[in-house]
Amino acid sequence: MGKTLVSSQLIDRVTYHVGRKLYEVPVGFKWFVDGLVDGSLGFVGEESAGATFLRRDGKVWTTDKDGLIPSLLSAEIMAITGRDPGEIYAGLTQQLGEPVYDRIDAAASPEQKKQLSALSPDQISQKELAGEPIKAMLTTAPGNGAAIGGLKISTQNGWFAARPSGTENIYKIYAESFQGRDHLQRILGEAQTIVDKATGK
């Protein structure tokens, strides 16, 4: 199962629940191409709802994000199970946790964007995020070791990732919580403080 590192952590939970391996990569569908072509990735998805998976014969369907195939899968789920995919999702979240997700943009100078791109976990002194111990600080993707162009910090029930925009003088903070919207707002607020401090803003 492949995912970009700003996609929902519910994907991680489902993947581990069904006993599969997770392949987490930087933002960009291009990172999935080799795994789709060689058959090592059976399903991949990213944060803007693009997804694809292998055909039944194990060959690649497409090496770019596809909206048609997940729609066909949803129709097949309904035809075979007689259940709306939304019901199945509700069952998953009842079992594995219900995520809430948001993204904010914050102003950043070109120099601050450069600093964010070059951040190291050693520059982060915090041990907790929104009341939970930090489990991981990443500047490279666990799946392929490629630089993520920013920082991702994770706890048991939440995470944030901060990346500079490639086209505007802003940075983007993506965040998710499995403990509700108030917890998500705490993550976003603390994330902005962490990034601003690390970039000298």
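Which element of the protein has the lowest mean pLDDT, and which the highest? Helix H5 (residues 110-117) has the lowest, at 90, and strand E7 (residues 132-133) the highest, at 98, where pLDDT is the predictor's confidence in each residue, from 0 to 100, and helices (H or I, at least four residues) and strands (E, at least two) are DSSP runs numbered from the N terminus. This is a predicted model, in which local features need pLDDT of at least 70 and side-chain atom pairs count only at pLDDT 80 or more, while totals for chains, interfaces and linings use all residues. Residues are numbered from 1 along each chain as its sequence is written, and side-chain values use heavy atoms, with hydrogens and water left out. The mean pLDDT of the protein is 93, with 100% of its residues at 70 or more.

**Salt bridges**

- The protein has nine salt bridges, each being a side-chain nitrogen of Lys or Arg within 4 Å of a carboxyl oxygen of Asp or Glu.
- One of them joins Lys152 to Glu24, with the closest N and O atoms 2.7 Å apart; because Lys152 lies in strand E9 (residues 147-154) and Glu24 in strand E2 (residues 23-25), the pair ties together parts that are 128 residues apart in sequence.
- Lys152 and Glu24 are both buried, a term for under 20% relative accessible area, with exposed meaning over 50% and partly exposed in between (1.4 Å probe, protein chains only).
- Lys3, Asp12, Glu24 and Lys152 are linked in a network of salt bridges.
- Arg186 and Glu190 form a salt bridge with closest N and O atoms 3.8 Å apart, and being four residues apart in helix H6 (residues 181-198), they are separated by about one helical turn.

- A pocket is found on a 1 Å grid over the protein atoms alone, as an open set of points where a 1.4 Å probe fits, with protein on both sides within 12 Å along at least five of seven lines, and lining residues have an atom within 4 Å of a point; a volume is the space filled by probe spheres set on the points, which are joined across faces, edges and corners.
- Helix H4 gives the most to the lining of the largest pocket, with five residues.
- The second largest pocket has about 310 Å³ of space, and of its 15 lining residues the closest to its centre are Gln9, Asp12, Tyr16, Glu24 and Ser154.
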